[in-house]
Amino acid sequence: MLIVRDTRESGEMLESAIAAGVTSAGGDALIGGVLPTPAAPLLVRRHGLDLAAVISASHNPYEDNGIKLFAADGFKLSDDTEHAIEEELEREQLVPERIGRVRRLHGALEDYLRELHTRFATLDLHGRRVLLDTANGATFRAAPEIMRRLGAEVTVLADDPDGRNINDGCGSTHLDGLVEGMRAGDQDIGFAFDGDGDRMLAVDRNGVVVDGDELIAIAALHLRASDLLPGNGVAVTVMTNYGFHTAMASASVEVATTAVGDRYVLDELRRRGWALGGEQSGHIIELGFGPSGDGIASALLTLEALGERDLAERDAMEKLPQRLVNIRAPDRGALKAAIEDASVLEAIEQAQAELSGRGRVLVRPSGTEPLVRVMVEAPTAEETDAVCGRLVGLVERAIG
């Protein structure tokens with residue numbers, strides 16, 4: 001079992017705990033150290049391992065931590081497999097004939113960089129000035145190194161992790177520093193990663209943020225033109241901007257829509273035999289490279305797709321104005337009541353009818369917090385704000 005982690009201070013403790021658990025059950029633990037999450041499935045495949053554990057809480061603050069598990073094929077464990085494991089915990093544990101060993105996987109970072117370099121070997125970044133924000137996280141070594149190997153002139157923000165500053169006012173969830181750096185005028189393109197490196201957002205030379213929807217659109221048109229888009233299809237989530245669907249329809253690219261979450265996008269890609277998909281948050285999957293979202297690979301794919309063009313001149317899609325409001329409920333019961341409130345449901349239906357063929361409405365509970373997310377897209381910012389404000393008011397009254 002491979003064990004890798006991000007830079008938060010609890011990572012070493014949990015790394016030791018997982019290694020102890022694995023070896024006590026007779027398995028061998030291979031310590032990969034600090035690496036981006038997408039390195040784990042690549043290394044599992046490369047070395048023929050059985051399993052990988054990534055210790056990370058992604059874009060959350062340093063106090064949080066968690067574990068992501070990848071199987072021998074490089075894909076995250078399915079819900080059914082995770083449930084089966086949980087059931088096993090209730091049974092009497094057998095004592096193995098021997099305990100396992102803990103060893104360090106030397107050269108893990110170099111193996112990951114080699115995979116990236118092999119995929120993007122023809123990408124020449126000489127003359128490109130690239131600004132990176134590595135969120136004081138798992139990409140702080142890998143991202144600038146691969147960019148430099150490909151010829152870019154690299155400047156890095158938030159690359160001094162101390163165990164507690166991961167995602168702290170930096171990275172893909174806090175873009176002010178990167179935006180300010182791009183507006184200074186000395187850089188051509190900027191990329192921000194989240195703490196574990198499976199997400200990426202871009203900023204153009206004017207300081208305008210380019211989200212996952214636009215980045216996927218740019219990649220889709222590039223891969224289709226290169227005959228590298230299997231099935232001429234892309235999988236995205238219900239949060240994807242309406243303008244993306246319009247642009248893909250004009251380019252004769254089929255779009256499949258899933259629930260929010262990279263695992264649902266990945267399931268849809270595998271089911272259809274497609275390769276490209278992702279989320280507005282910048283979690284982009286390109287199965288031609290790896291079996292999970294990879295922020296660094298997505299940044300390199302964006303640069304490959306742009307060629308000699310400037311990101312500020314992008315024209316892959318035209319985004320509709322979008323308004324997203326999160327409304328906190330005191331508990332899950334109040335959240336459920338608000339979502340099922342008759343006046344809320346009636347208002348949602350009316351708004352959907354108003355925007356039919358021109359935009360869309362989405363009201364849904366968060367999967368991780370007691371929040372109701374209200375999202376509206378319409379042709380103008382004024383109409384977007386008006387419809388969203390109306391729905392937010394009704395949801396807040398329903399929550400009480």
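Which residues line the second largest cavity? In this predicted model, local features need a pLDDT of at least 70 and side-chain atom pairs count only at pLDDT 80 or more, whereas totals for chains, interfaces and linings use all residues. Residues are numbered from 1 along each chain as its sequence is written, and side-chain values use heavy atoms, with hydrogens and water left out.

The second largest cavity is lined by Phe70, Lys76, Asp262, Arg263, Leu266, Pro291, Ser292 and Gly293. A cavity is here a set of points, on a 1 Å grid over the protein atoms alone, where a 1.4 Å probe fits but cannot get out, and lining residues have an atom within 4 Å of a point. The volume of this second largest cavity is about 30 Å³, a volume being the space filled by probe spheres set on the points, which are joined across faces, edges and corners. Helix α9 (residues 262–272) gives the largest share of its lining, three residues; helices (H or I, at least four residues) and strands (E, at least two) are DSSP runs, numbered from the N terminus.

Among the residues that line the largest cavity are Phe120, Glu286, Ser292, Gly293 and Leu301. Two or more residues of this lining come from each of the elements β14 (284–286) and α10 (295–306).

Some of the lining residues also take part in salt bridges, defined by a side-chain nitrogen of Lys or Arg within 4 Å of a carboxyl oxygen of Asp or Glu. A search of the whole structure finds 33 salt bridges. Arg263, from the lining of the second largest cavity, pairs with Asp79, the closest N and O atoms being 2.3 Å apart. This pair links distant parts of the chain, since Asp79 lies in helix α3 (residues 79–88) and Arg263 in helix α9, 184 residues apart. Asp79 is partly exposed at 34% relative accessibility, and Arg263 is likewise partly exposed at 21%, where buried means under 20% relative accessible area, exposed over 50%, and partly exposed in between (1.4 Å probe, protein chains only).

Glu286, from the lining of the largest cavity, forms a salt bridge with Arg119 (3.9 Å, N to O). Because Arg119 lies in helix α4 (residues 108–119) and Glu286 in strand β14, the pair ties together parts that are 167 residues apart in sequence. Glu286 is buried at 12% relative accessible area, whereas Arg119 is partly exposed at 22%.

Conventions. 1 Å grid on protein atoms, 1.4 Å probe; cavity = no way out; pocket = protein on both sides within 12 Å on 5 of 7 lines; lining within 4 Å.
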